[in-house]
Amino acid sequence: MNAKIRILLIEDDRSICSFITTTLCNNGYLVTTAASGTEGISLAASNRPDVILLDLGLPDMDGCEVIQKLRSWTGIPIIVISARTTEQDKVTALDLGADDYLTKPFGPAELMARIRTGLRHQHNLASGRVYKALGLTLDFEKRLVTLDGREVHLTQIEYQLLSLLAENSGRVLTYTYIMNSIWGPYMDSNNQILRVNMANIRRKLEKNPALPQYVYTEIGVGYRMRENELR
Ligand code: CA
């Protein structure tokens with residue numbers, strides 16, 4: 001069923017390249033590889049893959065530059081795979097338009113899960129008008145949020161915030177991205193207003209707000225909402 005899904009892997013490290021290629025081929029994906037940014041961009045344009053896996057440390061250009069170049073003409077999901085672990089590296093890549101970020105080293109199961117999320121995200125944008133996970137349901141058309149069958153009363157901002165995360169469920173959204181989407185680019189870059197609203201949402205949704213099961217915190221980066229169970 002995955003036979004037609006094509007992955008472009010842009011990675012110059014041969015051993016990582018062969019590990020990923022083997023994992024993906026074993027799972028029925030078709031893989032094309034590029035060992036430089038220039039080659040990767042040109043293959044993305046000629047092959048139109050379904051998902052791009054991108055290393056940041058490439059011999060000819062920085063991976064962030066590759067993201068910028070790709071995002072100037074395509075919305076193909078980009079999953080960054082990198083040994084860079086600082087929060088700033090993740091934020092930069094995500095703000096430039098990467099869909100997700102995997103820190104090396106990672107196992108095959110995690111890689112496969114992230115690819116499925118990337119593919120599903122495109123699908124969700126096209127058809128998902130309802131978000132559902134555990135006891136939480138969000139109907140985008142009715143603007144109705146229910147928890148265990150009972151309506152949850154959210155403020156306008158809380159609803160906008162939750163629906164933004166739900167529409168992008170499974171992906172991490174950076175603080176800057178969320179701030180710009182909800183409050184616009186001229187808002188003070190201080191995240192306090194976002195944290196306050198998130199605390200209120202968690203108080204209304206989570207059984208234990210300190211151990212959230214719907215909206216997870218990616219420390220120093222942003223928030224990630226639990227994957228939509230409806231596909
Ligand atoms: Ca590299």
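# Close-ups of the predicted model

**View A. Gly57, one of the calcium ligands, is partly exposed, with a relative accessible area of 36%, and it gives its O atom to the ion.** The model is predicted, so local features need pLDDT of at least 70 and side-chain atom pairs count only at pLDDT 80 or more, while totals for chains, interfaces and linings use all residues. Numbering starts from 1 along each chain as its sequence is written, and side-chain values use heavy atoms, with hydrogens and water left out. Besides Gly57, the calcium ion is coordinated by Asp12 (OD) and Asp55 (OD), with distances of 2.2 to 2.4 Å. A donor here is an N, O or S atom within 2.8 Å of the metal, or 3.2 Å for Na, K and Ca; water is not among the atoms, so the site may look incomplete. Read along the chain, the donors follow the spacing D-x42-D-x1-G. Asp55 counts as buried, at 5% relative accessibility. Buried means under 20% relative accessible area, exposed means over 50%, and partly exposed is in between, using a 1.4 Å probe and protein chains only.

**View B. Ile16 sits in helix α1, residues 14-26.** Helices (H or I, at least four residues) and strands (E, at least two) are DSSP runs, numbered from the N terminus. What does Ile16 touch, leaving aside residues up to four places away in sequence? Its partners are Glu11 and Lys104, where contact means heavy atoms within 4.5 Å. Ile16 and Lys104 are 88 residues apart along the chain, yet their C-alpha atoms are separated by 9.4 Å. With a relative accessible area of 21%, Ile16 is partly exposed.

**View C. The peptide bond from Lys104 to Pro105 is cis.** Its omega is near 0°. Pro105 belongs to the loop between β5 (100-103) and α5 (108-127). For context, most peptide bonds are trans, and most residues other than glycine have a negative phi.

View D. Where do you find Arg48? Look in the loop between α2 (37-47) and β3 (51-55). Asp148, for its part, is in the loop between β8 (144-147) and β9 (150-151). Arg48 counts as partly exposed at 48% relative accessibility, and Asp148 is partly exposed too, with 47%.

**View E. Leu173, in strand β10 (residues 172-174), is buried with a relative accessible area of 3%.** Which residues does Leu173 touch, not counting those up to four places away in sequence? They are Leu164, Leu165, Asn168, Ile178, Val221, Gly222 and Tyr223. Asn200 is 27 residues from Leu173 along the chain, and the two C-alpha atoms are separated by 18 Å.

**View F. Leu161 lies in helix α6, residues 156-167, and is buried with a relative accessible area of 0%.** Beyond the residues up to four places away in sequence, Leu161 touches Ile178, Ile182, Leu194, Asn197, Met198 and Ile201. Ile178 turns up in the contact list of Leu173 as well. Leu161 and Met198 are 37 residues apart in sequence but 8.1 Å apart in space, C-alpha to C-alpha.

**View G. Gly28 sits in the loop between α1 and β2 (30-34).** At 32% relative accessibility, Gly28 counts as partly exposed.

**View H. Zooming out, the protein has eight helices and 12 strands.** Its radius of gyration is 18 Å, close to the 17 Å that the globule rule gives for 231 residues, so the protein is as compact as a globular protein of that length. That radius is taken over C-alpha atoms, and the rule is 2.2 Å times the number of residues to the power 0.38. The C-alpha trace spans about 50 × 40 × 30 Å along its principal axes. Buried residues make up 48% of the 231 residues. Of the contacts with a separation of 6 or more, 61% involve residues 24 or more positions apart.
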